[in-house]
Every structure is written in C-alpha cells, then in structure tokens.
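Subject: Handing over the structure

Hi there,

Here is the structure I said I would pass on. Please have a look at it first, and then read my notes below.

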Amino acid sequence: MAQTWQDEDNWERPRRTLTDLILYEVTITPQPAYPTTTASLRSETAMDNAVAARRRISEREAAMRKRGLL
C-alpha cells in the first residue's frame, strides 16, 4: 500500500491519501458515523456510464409518452 500525508493549515487534521492498494469491496453506508461525511464519484468512465444511462431512460420515457403510455 502506498500513501501520502498532507498537513495543511486550513484542515482540522492531516489528510491521508491512499494511492496504491487492492480493494475487495467498497460500499457507502446510508447512516455515516459523522453528519458531515460525504461521498463522491471520481471515475470518468463511471460518470459517462451514469450520463448514458440517464439519457437512455429519458429516451425511453419520451417514447412511452409519445405512445401515451406515461
């Protein structure tokens, strides 16, 4: 595992970044331990897939509306 540490003046505590590791599972909990916990998506491929999926859903909904099904 490779890691870096940054200690900036505007951070409450040092920031640890893991740069080389093997993940077996990653999940996001619906009830985080801290109220300020956040999660974000960084993979361009995953974001592209999500955008494409939303587009396909919109296209299908539009086709269904056109046929009077929605």
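This is a predicted model: local features need pLDDT of at least 70, side-chain atom pairs count only at pLDDT 80 or more; totals for chains, interfaces and linings use all residues.

Residues are numbered from 1 along each chain as its sequence is written, and side-chain values use heavy atoms, with hydrogens and water left out.

Helix H1

Met64 is found in helix H1, which covers residues 44-66. Helices here are DSSP runs (H or I, at least four residues), strands are runs of E with at least two, and both are numbered from the N terminus. Ala52 is in helix H1 too, and it counts as buried because its relative accessible area is 16%.

Salt bridges

The structure holds three salt bridges, where the term means a side-chain nitrogen of Lys or Arg within 4 Å of a carboxyl oxygen of Asp or Glu. In helix H1, Arg55 pairs with Glu59, with the closest N and O atoms 3.8 Å apart; these two residues are four apart, about one turn of the helix. Arg55 is partly exposed at 47% relative accessibility, and Glu59 is partly exposed at 48%. Arg65 and Glu61 also meet in a salt bridge, at 4.0 Å from N to O, and they are separated by about one helical turn because they are four residues apart in helix H1. Glu61 is partly exposed at 33% relative accessibility. Glu12 and Arg13 form another salt bridge, at 3.2 Å from N to O, and both of these residues are exposed.

The largest pocket has a volume of about 480 Å³. Ten residues line it, and Arg13, Pro14, Arg15, Thr36 and Thr37 are the closest to its centre. By class, the lining of the largest pocket has three nonpolar, three polar and four charged residues. The second largest pocket has a volume of about 280 Å³. Ten residues line that one, with Thr27, Ile28, Thr37, Thr38 and Ala39 nearest its centre; the lining divides into five nonpolar, five polar and no charged residues.

A pocket here is an open set of points on a 1 Å grid over the protein atoms alone, where a 1.4 Å probe fits, with protein on both sides within 12 Å along at least five of seven lines; lining residues have an atom within 4 Å of a point.

A nonpolar patch

Finally, Met1, Leu18, Leu21, Leu23 and Val26 make a nonpolar surface patch of about 510 Å². Such a patch is made of residues with over 30% relative accessible area and no salt bridge, with nonpolar side chains (Val, Leu, Ile, Met, Phe, Trp, Tyr) joined within 5 Å. Leu18 is placed in strand E2, residues 15-20, and is partly exposed at 37% relative accessibility.

Best wishes

Key: Patches are made of residues with over 30% relative accessible area and no salt bridge: like charges are joined within 9 Å, nonpolar side chains (Val, Leu, Ile, Met, Phe, Trp, Tyr) within 5 Å. Accessible areas come from the Shrake-Rupley method with a 1.4 Å probe; for residues, only the protein chains shown count as cover. Buried means under 20% relative accessible area, exposed over 50%, partly exposed in between (1.4 Å probe, protein chains only). Grid points are joined across faces, edges and corners, and a volume is the space filled by probe spheres set on the points. Ala, Val, Leu, Ile, Met, Phe, Trp, Tyr, Cys and Pro count as nonpolar, Asp, Glu, Lys and Arg as charged, and the others, Gly among them, as polar.
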